[in-house]
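Please study the sequence and the structure before working through each solution.

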Protein chains: 2
Amino acid sequence: MIHFRDEMRINPFLISFCRKTSAGYNLTSLFVGSEGTLGIITKATLRLYGVPEATVAAVCAFPSVQAAVDSTVQILQCGIPIARIEFLDDVMINACNKYNDLGYPVLPTLFLEFHGSENGVNEQVQQAAEITQLNGGSDFTWATDQEQRNKLWTARHNAWYAALALRPGCRGYSTDVCVPISKLPQIIVETKEDLITSRLTGPIAGHVGDGNFHCIMVLDLNDKEEVRKVKEFTDRLARRALAMNGTCTGEHGIGIGKRKLLQEEIGEVGIEAMKQIKTIFDPKNIMNPGKVV
Amino acid sequence: MIHFRDEMRINPFLISFCRKTSAGYNLTSLFVGSEGTLGIITKATLRLYGVPEATVAAVCAFPSVQAAVDSTVQILQCGIPIARIEFLDDVMINACNKYNDLGYPVLPTLFLEFHGSENGVNEQVQQAAEITQLNGGSDFTWATDQEQRNKLWTARHNAWYAALALRPGCRGYSTDVCVPISKLPQIIVETKEDLITSRLTGPIAGHVGDGNFHCIMVLDLNDKEEVRKVKEFTDRLARRALAMNGTCTGEHGIGIGKRKLLQEEIGEVGIEAMKQIKTIFDPKNIMNPGKVV
């Protein structure tokens, strides 16, 4: 159920309950991700997935970013139905080791999770382990029961707080570019060089199966010079992604801060179309005004 | 790459190459399924899936529509990653037997396909067979090599032509409602009763895992009375689906024939929003005019 305002009335309309529909323009997808600028979603029906029969978590360290991402691509290309595959760079692993008192090798690392039947996950783990080893990855550290799995994934789950703990008293800001997965090693390597050159703290955590990664920028908001440098860095990163046919935001959205980048990404024509769409649903500009467009 | 006309100019704009993006409103989903009424898609990048290591096809007959659909729901709820699950009703099976010289039992029937590793598909087939047998289904007829699989699926692949062959010289028209899968047995049973009462020929083939099914109406276009009855039947069917929170079209679209039903489905407010969206992208109404809205 979606509501939007037209003059003084509230106009509700219902989107399909079906698994598929071709009834006119896809207004559901238009509203999803519109950051509250078009109307209010007051009711949603969610599709549920069952708890898998078996789950295995695994961790694997690599000699290089390229080796970790190549493994990811090959795992996906082999059709292994991996449930989660997350990347942490050496700086992030180092931060997690300190924060959680862990002893992971300070190397680019993949955290993996496999879902399926007992036999199915064993087969997946075996295939994935073969692929990672061919790319120079370490032996899998792995776990099946929930407690052990949670422990194994602690580093990933606490990544944000581990990054902030690198510089007590500082604040965090997460970048969010996404690129075609083939470009992922190049952009991560270039971005790490940029961080070093710029003398900025930005450990990297990535949803590597999607080509999406975050630099968790840790900065002192009272240091105007540093704030300026972080702003310049994040703009350079976004433009690096755009030059690779990527996007300035994989999942966090545009908000206020990325309106200029959105313009660069989709051009004047796209922006104009979005502005007019906004006007249809919110002619008085009262729905989260000033955001996105 | 999407092009749309604004006054005399052609305005191209590029949609993301990424697996995910949150950059502004989702214009890709707005254009997909818009039936050419908003602009022209001139370039598309497709995501490819690998050929699975193993494939098994299977056929299973049931004592009732309810038993076939219950099996489908239970297979999905068990998380069996079934690749295809298609339903043919007894009338459709009878038509296929005649057309292809086959000997399937004249009963509601599921055609299934499983993809995965060798072990994985065996496990899937075993689990699915247990479920279908608990619902009174026949033993699986199944095949692994491509030639045998194609032979097994012949009935489904030729369903349209088998339906037309029921009445030589007549034409076909396919209905396309989709409902929440829990409502599927009820709507199929009611629709079959309606077909019998109305004395119309409309064998049923359904993408049963989606809640979407087609009555392939076979009618004599020169018989005005029959054409009228088919029109009335298809409107009744669509309204039956709408009353169950369904849609008048799961995949075929609105075109000209379902504009009235679209209005009933999404209401005046939704139609008005769609009309205004159309105006943004096609102010001169030259893109497939008269369709959808």
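Helices (H or I, at least four residues) and strands (E, at least two) are DSSP runs, numbered from the N terminus. The model is predicted: local features need pLDDT of at least 70, side-chain atom pairs count only at pLDDT 80 or more, and totals for chains, interfaces and linings use all residues. Residues are numbered from 1 along each chain as its sequence is written, chains are lettered from A and ligands numbered from 1 in the order in which they are written, and side-chain values use heavy atoms, leaving out hydrogens and water.

**Exercise 1.** Determine the surroundings of B:Glu123.

*Solution.* Step 1: locate the residue. B:Glu123 belongs to helix α4 (residues 118–134) of chain B.

Step 1: examine burial and charge. B:Glu123 is buried (under 20% relative accessible area; exposed means over 50% and partly exposed in between, with a 1.4 Å probe and protein chains only).

Step 2: list the contacts (heavy atoms within 4.5 Å). Not counting residues up to four places away in sequence, B:Glu123 touches A:Ser117, A:Asn119 and A:Gly120.

**Exercise 2.** Explain why the salt bridge of B:Asp210 and A:Arg19 joins two chains.

*Solution.* Step 1: find the distance. The closest N and O atoms of B:Asp210 and A:Arg19 are 3.6 Å apart.

Step 1: B:Asp210 lies in the loop between β9 (204–207) and β10 (212–219) of chain B, and A:Arg19 in the loop between β2 (9–13) and α1 (27–31) of chain A, so the pair joins two chains.

Step 2: widen the view. A network of salt bridges links A:Arg19, A:Lys20, B:Asp210 and B:Glu251. Over all chains, the whole structure has 34 salt bridges.

**Exercise 3.** Where do B:Arg228 and B:Glu225 lie?

*Solution.* Step 1: identify the bond. The side chains of B:Arg228 and B:Glu225 form a salt bridge of 2.7 Å, N to O.

Step 1: locate the partners. Both are in helix α8 (residues 224–243) of chain B, three residues apart, about one turn of the helix.

Step 2: B:Arg228 is partly exposed at 39%, and B:Glu225 is partly exposed at 43%.

Key. Lys and Arg count as positive and Asp and Glu as negative; His and the chain ends are not counted. A salt bridge is a side-chain nitrogen of Lys or Arg within 4 Å of a carboxyl oxygen of Asp or Glu.
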